[in-house]
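Let's take a friendly walk through this model, from overall build to contacts and one local detail.

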Amino acid sequence: MQISGAQMVIEALIAEGVDTIFGYPGGAIMNVYDEIYKQNKFHHILNRHEQASVHAAEGYAKASGKVGVALITSGPGFTNAVTGLADAYMDSIPLVVISGQVPMSLIGTDAFQEIDAVGISRSCTKHNYLVTDAKDLPRVLKEAFYIAASGRPGPVHVDIPKDVTAQIEEFNYDIEINLETYKPNVKGNTRQIKKAMEAIAKARRPLFYLGGGIINSNAAYEVRELVHKTGIPAVETFMARGTLSHDDELLISMLGMHGSYAANMAMSETDLVIGLGARFDDRVTGKLSEFAKNAGVIHVDIDPASISKLVNADFPIVGDIKNVVLEMLGLSEMIDADKYKSWRSNIKNFDELHPLTFHEDSDRLKPQWVIQRVGELLGDSANISTDVGQHQMWAAQFYPFTRPRQWISSGGLGTMGFGFPAAIGVKAATPEKISINFTGDGSILMNCQELMTAVEQKLPVINIILNNNFLGMVRQWQTLFYDKRHSETDLSVQPDFVKLAEAFGGIGYRVHTKEEFDAALKDAVEKNVVAFIEVLVERFENVMPMVPSGGSLFNMMLLEKKEKK
Amino acid sequence: MIAENSERRVISVIVVNEASVLSRITDLFSGRGYNITSLTVAPIPESRYSRLTIVTSGSVRVIEQITKQLHKLIPVLRVYEHADLVEKEMALIKFPLSENLSDISTLCAAYNGKIVNVGENVIIAMVADEPVRIENFLRVIKKYNPKEIVRSGAVALER
């Protein structure tokens, strides 16, 4: 069939089974938008900023497990989207981001809205393409979807000059992908897996170190089975929240800079780390030379470059987590769960000594209470997105996650402004679940224009703004490490968040007490319209425990103990 | 952490001949803070691939990361590192015509080279040898007042 490059984009998206895309039109991408107007096979959501389009596509991808798609124009449209690309790259989120480019004849002339888009996206995408001939478009788009979703997932950027979208060529999408240079290794080495299982059987204090790769590989339920069969306790990284259910006896908690005392101590005392799809990030390990110092390391990852990058792996296994865990399950008879009984009770003691908790000792509500309360009221029925900062850490610590893909947060890049648009994408992907965005008074203003998107698209995201009138996480570091010089972090001057939500046609609540909070959340869920619930929380609350940057995991700053009345 | 020894390493990379593949490689080096001592690239005859020869330095861990990260790039077919290599480098040197030409000619011959061009005021000599021997040659010929020196960077082939 002879069609234009723009029509090819539409046909390719349909062939890939895309049902929703996010984007923002502009000059160089108009040919494609004209074809979007003419079709009804997929839904286009108009965000109010290109950065939000990419974050929404990320939220959509994370909640659904499918490839997220965003469509943007050249120049500023593209540069606005770069933060989203970088975010998806750091968190291994499968995206295809298609941008318009000035016509081929103008490339290199500093034309209006021209920027070297592939030059910029090279270092923050898994791969990118500048399509110079519409003949290449079917192959490029097919490869883009394949590369984004396979191996270690990531964003793929396709830049298409305007004349290429107008060019008419033969379209055939029924083509074999033949990438001689890209063949991800998905099956782990059987002998190596057996050796790893023998090491586990010999270990006295083994510990599962569960990472976000498990979620990407859709392997959470297989991992649950492996953990239960072996009786080996597990810590989760920030990205892995929801792999095990919060009430799982073998789940210690999250580890790392703001991990629980028990999780960090378990990691410090273990004699064998069993890393599954985790990348030994600096926020997890603290001081590298002291990290799991006396332990052997099994490291399963689909990305060979993640193995022995920071911590040397004694048993490296390159493969898809799901395949490897299934093979491990086949060998789980080798392991005697009773052997780790005293190790499990050691960890329980750690947890009893310094449980993950907070003190309700202020007039204003405690932010942790709000998170916990949402967990009690909504629990499994909500998907939880967050922005970046203190509220994000509290959400990771205190929300009772029950399933994979329930937790959507910007881990690697730490992008303020991620939460709201991501929660819009999450709602579009999983309309049957309530979409909550925990945010702060700093973060929410970084993409608050998305109120308009949510109103227009009837995507009732509930934004819970934990308002402490501070850029809280930076304030916490200033308090602790900069002698309380709160440089530019005091956000006393603020918009009226209730009126702000209302101005866009959403609904706003200002909450001071527990009763008001319960009533507001109940009302927001019932009203089914985008909401801001502004909760005035204790201003100087710190996220605890905390491993100061560069410190050892076992040297935590802890919550002060209080006598129980 | 224990200070890790930095070593000179030669890495050969086979890549698909396509637009911007060289920037992908050099961006990777600059973005991750790796060194490039020299880099040569040319198409492999009768194929859709090119070969890059990169001379770099780093600890064992860094070199391992470099090879893994290179391999992760989509258009990279193969990465050879720490292979048993035959290495050669070429240098062109411009000398004033007033220098002792027979000395220069003899020295060049000892390093697989010769005088390749004679002008009104200068001559140009060429040598091609292992990179360490090229270093040595360049040290020796200092006293003949070389006016300009161009090195090609190393090329290498696995035995």
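Predicted model: local features only at pLDDT ≥ 70, side-chain atom pairs only at ≥ 80, totals over all residues.

Which residue in strand 3 of chain B is the bridge partner of Thr40(B)?

## Chain A as a whole

Chain A has 21 helices and 20 strands. Its C-alpha trace spans about 70 × 60 × 40 Å along the principal axes. A compact globule of 565 residues would have a radius of gyration near 24 Å, and chain A agrees, because its own value is 24 Å.

How much of chain A counts as buried? The share is 56% of the 565 residues. Looking at contacts in chain A between residues at least 6 apart in sequence, 76% of them join residues at least 24 apart.

## Three domains in chain A

The chain A domains are domain 1 (2-170), domain 2 (190-353) and domain 3 (367-536). If you take centres over C-alpha atoms, domain 1 of chain A and domain 3 of chain A are separated by 29 Å. Their contact involves 25 residues from domain 1 of chain A and 26 residues from domain 3 of chain A.

On the side of domain 1 of chain A that touches domain 3 of chain A, two or more residues each come from strand 2 (20-23), strand 3 (43-46), helix 3 (50-64) and helix 4 (76-90) of chain A. Helix 3 of chain A provides the largest share of that side, 11 residues. By class, this side of domain 1 of chain A holds 10 nonpolar, 10 polar and 5 charged residues.

## Where chain B meets chain A

The contact between the chains draws 17 residues from chain B and 15 residues from chain A. On the chain B side, helix 1 (21-31), helix 2 (60-72) and strand 4 (76-81) each supply at least two residues. Helix 2 of chain B gives the most, with 5 residues.

What classes of residue make up the side of chain B that touches chain A? There are 7 nonpolar, 5 polar and 5 charged residues.

## A hairpin in chain B

Now back to the opening question: Thr40(B) has Thr53(B) as its bridge partner in strand 3 of chain B. Strand 2 (residues 38-43) and strand 3 (residues 49-58) of chain B run antiparallel, joined by 6 bridges.

These two strands of chain B form a hairpin with 5 residues between them. In the turn, Glu46(B) has a positive phi of about 50°.

Methods
Residues numbered from 1 in each chain as written. Chains lettered and ligands numbered in written order. Domains from an automatic or database assignment. Contact = placed C-beta atoms within 7 Å. Helix = DSSP H or I, 4+ residues; strand = E, 2+ residues; numbered from the N terminus. Nonpolar A, V, L, I, M, F, W, Y, C, P; charged D, E, K, R; others polar. Rg over C-alpha atoms; globule rule 2.2 N^0.38 Å. Buried ≥ 20, exposed ≤ 12 C-beta atoms within 10 Å, placed from the backbone. Pairing = 2+ DSSP bridges.
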